[in-house]
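Trainee: Hi, could you walk me through this one? I'd like to hear about the chains and how they meet.
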Amino acid sequence: MKYAIVRQDGVTEIREDSYPLQEGAIILNDLQHEQLMSGQYILQNGEIVTNPNPPKALT
Amino acid sequence: MSGVPYTFATATTSIPLSQLDVNFATNATLGNTAVGLGNTVTTVGNLTLGNVAITSGTANVTITGGSVANSIVLGTTAGDNASAGYVGEYVDSYVSSVTVNTSATNLTSISLTAGDWDIYGNAQINGGTVGATTMSVGISTTSGSFSGTNLAKSAANGCVLSASATGGAVVKFRVNITSTTTYYLVASVNVANAGYGYICARRMR
């Protein structure tokens, strides 16, 4: 199951495992999961929005 | 029909279909071992099966004290996941935009149940206006610390430096645990900045 959980410090973790779904987990479809795993997007108030501080390319 | 009057191993001619029933009322004999067919459950011993296909239902096979020789296990093509507790189970976690400090900082973590796992991870930390030039990344059983069980195996200082960011990977290593254990992806950097990390594990057996 692909899902997101918002930690107590406000950081969102994107997870995938076969454990029973945690309370408060937000189930993600494949597209949402891919977007969030790219680091280019974050989850904010339940919506996927552009990450204002994305990982920089290793140039 | 009241039973099957044939002993399969000694039959010298074909057994007529009229003598077979979907639910055998009496045990048939295969080789030298009595076996129930249909809805009767019993034990089969010293039996060699060839070209066996189970086309419906669920087959639960338990091998106690033996082994499966020359086995070829077909992988899945369904794009699904192994169930919890099964070989192939996968657990991962990704996090972005966590402030990584000069001291060991948790990026994210995963919880693994008892078993024999391969575990690995990586992290990247953006360079700021000052620029981060050195970082460490590791996997630890101790929160917020570059210490704890298995850390020595996690090659904690691999770094790729660039003008804009630094990145490091923790190469795959084995953890063999008998109880549920949390593994933390931990990083530090010489100039605090936004970090991104991924940690994952695969149950090998």
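Mentor: Happy to; we'll take chain A, then the interface, then a sheet in chain B.
Mentor: This is a predicted model, where local features need pLDDT of at least 70, side-chain atom pairs count only at pLDDT 80 or more, and totals for chains, interfaces and linings use all residues. Residues are numbered from 1 along each chain as its sequence is written, chains are lettered from A and ligands numbered from 1 in the order in which they are written, and side-chain values use heavy atoms, with hydrogens and water left out.

Trainee: Thanks! What is the secondary structure of chain A?
Mentor: Chain A has one helix and five strands, in the order β-β-β-α-β-β from the N terminus. Helices (H or I, at least four residues) and strands (E, at least two) are DSSP runs, numbered from the N terminus. The C-alpha atoms fill a box of roughly 40 × 20 × 20 Å along the principal axes.

Trainee: And what happens at the start of helix α1 of chain A?
Mentor: Helix α1 covers residues 30-37, and at its start a side-chain oxygen of N29(A) comes to within 3.1 Å of the backbone nitrogen of L31(A). After α1(A) comes G39(A), with a positive phi near 80°.

Trainee: On to the interface: how many residues does each chain bring to the contact?
Mentor: Chain A brings 24 residues and chain B brings 35, with contact meaning heavy atoms within 4.5 Å. About 2100 Å² is buried between chain A and chain B, 44% of it from carbon and sulfur atoms; that is the accessible area (1.4 Å probe) that two parts lose on being put together, summed over both.

Trainee: Which element of chain A gives the most to the side that touches chain B?
Mentor: That's β2(A), with five residues.

Trainee: What does β2(A) join up with in chain B?
Mentor: Four bridges join β2(A) to strand β3 (residues 90-100) of chain B, and the two run antiparallel. Strands count as paired if DSSP finds at least two bridges between them. E16(A) is opposite D92(B) of β3(B).

Trainee: Switching topic, what is the strand order in the open sheet of chain B?
Mentor: The three strands go β4-β9-β6, with antiparallel pairing. β4 (105-112) and β6 (135-140) of chain B each have a single partner strand, so one side of each lacks a neighbour in the sheet.

Trainee: How many bridges join β6(B) to β9(B)?
Mentor: Six, and β9(B) spans residues 181-189. V137(B) has A187(B) as its bridge partner in β9(B).

How values were computed: Polar contact = N/O pair within 3.5 Å; in protein donor to acceptor, adjacent residues only side chain to side chain.
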